[in-house]
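Please examine the sequence and the structure before reading the points below.

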Amino acid sequence: MKQFAEKLENLLEIGGVKKDITFLVISGTALLTSILRPAPLPFDPAWIAIFLCGIPIILEAVIGLVTEFDIKADVLVSFALIASVCIGEQFAAGEVAFIMQLGGLLEELTVAKARAGIEKLVHLTPQTARVIHFGGGNDPKKEKDDKETVIPAEEVWVGDILRVLPGETIPVDGIITAGETCVNQAVMTGESLPVDKKPGDQVSSGTVNQFGVFEMRAAKVGKDSSIQRMIQLVQSADAGKAKIVGIADRWATWIVVIALTAALLTWLFTGEIIRAVTILVVFCPCSLVLATPTAIMAAIGNGTKHGFLVREGDALERLATVKTIAFDKTGTLTCGMPEVTAVKSIDSAYSDDLLYAYTASVEQYSEHPLGKAITRCFREKRTLELFPAEQFHMLPGRGVSATIEGKTFWAGNEKLLSGHRFSISEDVRKEILGYTEKGSTIIYIADDNHLIGYIVLSDTIRKESRQMISDLERLGVTPVLLTGDHENAATSIAGQLKVKEVHANCLPEDKLTWIKQYQQQDSPVCMVGDGINDAPALKTADVGIAMGCVGSDIAVDAADIALIDDEVKELPHLLALSHRMMTTIKFNLSFSMGLNFLAIILAITGILEPVVGALVHNAGSVFVIINSAMLLTWHQKASAATMENKNPGQTQSAGKQTQTA
């Protein structure tokens, strides 16, 4: 019997009958023709709807009962279809089948599609590694005998010495043994600023070598490497996320039992089979099936107008239960790009603008991301033109130097100053300390003789972030900051946004741990992030929201919802919309159940016949669809008015800010 059911299921899939829009259009036309009957026909057109929409329902019911003894709403529908056909009420059977398949189509449109996030992570994994074979053992004097071999990354052994060239992805976790460079660690930590590396420092697989050749000793390879561990986290998180079952299927057993009992008793006491069939027809959970997916579809349409792409059908249902919203910092609450936030000259011979121009001129040939940021910001400001720079030199791990108008200038970190014996006064150190405590990066500038000033680079907060955090708190959720950045930077940003809970220095597994901890405290979590390192947390959270523009493709694939235009100010609207959607669903369900029980009473008394009962029942389904459709244009007007009454100044300024953005 089970094999027979499997064959039926395969036939159903091959035929493409299930939830097919074309068949729904044909069936709807056939039912309309059955009502109007413009000319004598050799058969009732309602049979077309029964065949195209009803047969798949019956097959699904048989498959569920035989393979898993799973009683769903389609079991009762199958009884109603067969009974209606047996007493010659083809239109009633076709109409019920059509409505049920329409509900099934809406459910199909809201179900999640297969995603390629894990595949993209796999593609991100380094494929090759450069292994150095020392001709004279480990004797550096015999370097000319060394051989470099390119091998698959999975063949690297712990202890192997690898060479990494500029622009290459680091193949395994390890420790630098020779050379200095700058590494983009955004894949693992989400940090907006690259990190300088020197011998003795650790590097992780999947991160990118910005410039400079270095050698490293492999420490963690294969499944133990950082990028492979992240893939495993994403896979395990995806498997553990439960899906919400439709309310009609959840109550299906009781609905079937009550309907069959009522129909049987009515037949026994009245002796009229038509009343029993009418009960089965009006008890079909069409409006119950439509109650949830129609509201979800309308809410998804509303969200799309506000820049949200909802990728999981039940994501908004889960979002309505959220009590905590965890934010990544870089690229989510901040712009994600280093910006020049201060220029300070400490030599009267140089104005701040002139110092800025000299520094940007020295950095114009630099490959370092911080150097590029200084030049970019200067060009955007355009107060002065760049000076021609000659004799440019890159000093890996320290900075750059160049000659301008016959004078040599240096720009770099504190290592550069100590290497040239440039001193920093105590007053300047106190000024700089105020910036570094906020997580900013300092670039020092010196000329031939001494230190002449410094430039401060920081990741800046999005203009709309403050108001967005405030609006979320008004809706009753708690904002939390989860970031891979250093504690100073995280605390500074959190303080400006008035976020009380902060967790810094988070690797992907750390973010995952915090998400699970909140969930264990009975606090459903929504995670908002943009980086590859956020993918495991986005998958594990009850709802994951990814920044669509600045975010990586992998983060978007891991999330349930993507914010297409990165306008985080719309997050409060999405949260309020999810609450409104659930209110609409509950009303739809209550109305549907009430109408069904009223129709049953009328059917038992003989007032309703199968065709009329089907039409009344159909009217309830139409009402549910119309009520759900109102979500398409819903906006949080009442809440906005309440906010204005409580804080008129804040609301007004928020409106101006939104308009400006």
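Helix α10 gives the most to the nonpolar patch, with five residues. The model is predicted: local features need pLDDT of at least 70 and side-chain atom pairs count only at pLDDT 80 or more, while totals for chains, interfaces and linings use all residues. Residues are numbered from 1 along each chain as its sequence is written, and side-chain values use heavy atoms, with hydrogens and water left out.

**Nonpolar patch**
- L264, L265, W267, L268, F269, I273 and I274 make a nonpolar surface patch of about 730 Å².
- Two or more residues of the patch come from each of α10 (252-270) and α11 (273-283).
- Such a patch is made of residues with over 30% relative accessible area and no salt bridge, and its nonpolar side chains (Val, Leu, Ile, Met, Phe, Trp, Tyr) are joined within 5 Å.
- A salt bridge is a side-chain nitrogen of Lys or Arg within 4 Å of a carboxyl oxygen of Asp or Glu.
- Accessible areas come from the Shrake-Rupley method with a 1.4 Å probe.
- F269 belongs to helix α10 and is exposed (over 50% relative accessible area), at 71% relative accessibility.

**Positive phi angles**
- Most residues other than glycine have a negative phi.
- Q391, which is not a glycine, has a positive phi of about 50°.
- Q391 lies in strand β13 (residues 390-395) and is exposed, with a relative accessible area of 58%.
- D522, also a residue other than glycine, has a positive phi near 60°.
- D522 lies in the loop between α21 (508-520) and β20 (525-529), and counts as exposed at 57% relative accessibility.
- Helices (H or I, at least four residues) and strands (E, at least two) are DSSP runs, numbered from the N terminus.

Notes. Buried < 20%, exposed > 50% of the residue type's maximum accessible area, 1.4 Å probe, protein only. Patch = residues over 30% accessible without salt bridge, like charges linked within 9 Å, V, L, I, M, F, W, Y side chains within 5 Å.
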